[in-house]
Amino acid sequence: MKKISITSQFTVYDSLEELPIETLNLFEQAIATRKKAYAPYSKFRVGAAILLDNGKIILGSNQENAAYPSGLCAERVAIFQASTLYPEAKILKLVISAASDTHTTTSPIPPCGACRQSIAEYEIKQKSPIQIFFAGETGEVYKSDTIKNLLPLLFNKNLLEKD
């Protein structure tokens, strides 16, 4: 038996104001989109903004449904929209802003497991990393240079192929 160690690295910004202007602009759009989320059940709103290599920005917000799990997270709404509209474009950045209707979110809110797997699929497909930024309403902003920091043991298409 042996043990292995897996580490993740993040850049931590104290607040949105420390971000580069391009990323701050994406956060402003994600926040505006977050406020349009349809979240009557969880009262937890999420907005996502994606920057593509063609300069286009794609937005998404979570969309809930009384028949759980029929809703969809903001990240997947944006990723699937980007893939539909610009199938050849690469995703450069994904920013995620999350807030609750019942309390202030003061720590960074990362993507859920299903969204992490979807991000991984597109990172593998495009053969280049996706920068991921995530934040709550206030406080620190985390930046990951790749989904591998959030999902280090990726399940991917290579595992489906015969050895």
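**Tour of aromatic pairs and surface patches**

Select Y68 to begin: at 55% relative accessibility, Y68 counts as exposed, because the cut-off for exposed is over 50%. The model is predicted.

The structure holds 5 aromatic pairs. One of them is this one: the ring centres of Y41 and Y68 lie 6.2 Å apart with the planes at 75°, so the pair is edge-to-face. The two residues are 27 residues apart and link distant parts of the chain. Y41 sits in the loop between α1 and β2 (44–52), and Y68 in the loop between β3 (57–61) and α2 (74–85). Y41 is partly exposed, with 42% relative accessibility.

Next, select F134 and Y142. Their rings make a tilted aromatic pair, 5.6 Å from centre to centre with 55° between the planes. F134 is buried at 3% relative accessible area, whereas Y142 is partly exposed at 27%.

Now switch to a surface view and pick D14, E17, E18 and E140. These residues gather in a patch of negative charge on the surface. E17 counts as exposed, at 65% relative accessibility.

Last, select I4, I6 and L153. They form a nonpolar surface patch, with about 340 Å² of accessible area together. I4 is found in the segment before β1, and I4 is exposed, with a relative accessible area of 65%.

Conventions. Residues are numbered from 1 along each chain as its sequence is written. This is a predicted model: local features need pLDDT of at least 70, side-chain atom pairs count only at pLDDT 80 or more; totals for chains, interfaces and linings use all residues. Side-chain values use heavy atoms; hydrogens and water are left out. Patches are made of residues with over 30% relative accessible area and no salt bridge: like charges are joined within 9 Å, nonpolar side chains (Val, Leu, Ile, Met, Phe, Trp, Tyr) within 5 Å. Accessible areas come from the Shrake-Rupley method with a 1.4 Å probe; for residues, only the protein chains shown count as cover. A salt bridge is a side-chain nitrogen of Lys or Arg within 4 Å of a carboxyl oxygen of Asp or Glu. Lys and Arg count as positive and Asp and Glu as negative; His and the chain ends are not counted. The place of a charge is taken as NZ of Lys, CZ of Arg, CG of Asp or CD of Glu. Buried means under 20% relative accessible area, exposed over 50%, partly exposed in between (1.4 Å probe, protein chains only). Helices (H or I, at least four residues) and strands (E, at least two) are DSSP runs, numbered from the N terminus. Rings of Phe, Tyr and Trp (its six-membered ring) pair if their centres lie within 6.5 Å; planes under 30 degrees apart count as stacked, over 60 as edge-to-face and the rest as tilted.
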